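Dear colleague,

Here is the structure I said I would pass on. My notes on it follow below.

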Amino acid sequence: MAEVTYILDDLDYYSEAYQTFTHCSVKTGAIQDWVDTAFKEEVVEKLSKRCQSADPLKVLGIGSGAGNIDCAMLEQLLPTFPRITNTIVEPSEAQNDLFKNLVKEKEDTLKGASFEWRMETSDQYLDRVFSCEGGVQPPKFHLIHAVHVLYYAADLKQTLKRLHDMLEDGGLLFIIVLSKHSTIIKVHRKMNEIVTDMRPLLLTDEQVGAALDTQNMPYSGEQVTRYIQGTSIFGEGCQEGDHLLDFLTHSKNFRKMAPDNLRESVLKYLRDPECSIEKDGEVLVFRHWVPMSVPK
Ligand SMILES: C[S@@+](CC[C@H](N)C(=O)[O-])C[C@H]1O[C@@H](n2cnc3c(N)ncnc32)[C@H](O)[C@@H]1O
């Protein structure tokens, strides 16, 4: 079988495909939309009660990518916390550059926020700060967020423990993770049925919940159901459709590189009612995720 490259092996391509994925959910429920509406109640109001006197509010962003979600969060936080310092841990240089450009564009709405970027994975960053070199203790934050990134940590339980340890008393760890019902998980399972162990199954809210439970870290969070406009997946020769298919399969050039039986099975399965619905001539692929708040 021709090698179908794992998308994480090319971080810049991964991020490009993710941006298309995000773009195709703008009209049908992007995360940003959720942040603009529910984040205030889920996070800002809790923090304003628990960390009232935080000045500045110290925020750590893990896997922030191009920064769209971080900036949407900051726009919700700044009216309550007028000074916010942000440490961003993101291994892709291209994504960090996009984030820096976005901050320049949003100069007016982000007044009061300052930024420091670390071009590292979460494991590299956490190993470094927890090595306590020279007797320096890991820094503390009022808000730590990890939006669709915990999948890529080597050890989930240890990562959650370290992030929790880095919270100030009264602080909040905010996670967004795929739900066990999400189409990406189902597609990866289908791929593994056809080609043994082709993709590591991404972790879901179930594993994150279990890892929090075993460490006595209470949390709250309910599944959010949204859609991706996925009609272009089923056309040929269209970059948008190729990116969507690549993100859903976590592969690079899936349409071209996958063996015929695998490609045909995945495309057929994506039309299954388990994965998508059709509305007004548009294929809408389910996007289920869970926002989880972990207070300290
Ligand atoms: C699905 S994107 C989410 C981006 C952003 N949080 C958002 O919601 O728009 C995952 C991000 O995590 C980054 N990433 C991948 N592996 C990582 C790791 N081991 N540690 C930290 N970030 C990682 C990727 O470069 C990418 O920007």
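The secondary structure of the chain consists of 13 helices and 8 strands. Please keep in mind that this is a predicted model.

Overall shape: the radius of gyration is 19 Å, which agrees with the value near 19 Å that a compact globule of 296 residues would have. Along the principal axes, the C-alpha atoms fill a box of roughly 60 × 40 × 35 Å. Of the 296 residues, 41% are buried. Among contacts with a separation of 6 or more, 81% are between residues 24 or more positions apart.

Ligand: the shell around the ligand has 21 residues, and the closest are Gly63, Gly65, Thr121, Val147 and Tyr152. By class, the shell divides into 10 nonpolar, 10 polar and 1 charged residues. Helix H1 (11-23) and helix H5 (68-77) each supply at least two residues of this shell. H1 gives the most, with 3 residues.

Helix packing: two packed helices are described by the angle between their axes and the distance between the axes. For helix H9 (residues 183-194) and helix H13 (residues 260-270), the axes come within 10 Å and cross at roughly 150°. The crossing of H9 and H13 is right-handed. On the H9 side, the contact is made by Val187, Lys190, Met191 and Ile194. H13 brings Asn261, Leu262, Ser265, Val266, Tyr269 and Leu270 to the contact. Taken together, the residues of the contact of H9 with H13 are 7 nonpolar, 2 polar and 1 charged.

Regards

Terms used. Residues are numbered from 1 along each chain as its sequence is written. This is a predicted model: local features need pLDDT of at least 70, side-chain atom pairs count only at pLDDT 80 or more; totals for chains, interfaces and linings use all residues. Helices (H or I, at least four residues) and strands (E, at least two) are DSSP runs, numbered from the N terminus. The radius of gyration is taken over C-alpha atoms; the globule rule is 2.2 Å times the number of residues to the power 0.38. A residue is buried if 20 or more other C-beta atoms lie within 10 Å of its own, exposed if 12 or fewer, and partly exposed in between; C-beta atoms are placed from the backbone. Two residues are in contact if their C-beta atoms, placed from the backbone, lie within 7 Å. A residue is near a molecule or strand if its C-beta atom, placed from the backbone, lies within 6 Å of it. Ala, Val, Leu, Ile, Met, Phe, Trp, Tyr, Cys and Pro count as nonpolar, Asp, Glu, Lys and Arg as charged, and the others, Gly among them, as polar. Axes are lines fitted to C-alpha atoms, for helices over the stretch in contact, and angles run from 0 to 180 degrees between N-to-C directions. A crossing is left-handed if the near helix is turned anticlockwise from the far one by less than a right angle, and right-handed if clockwise.
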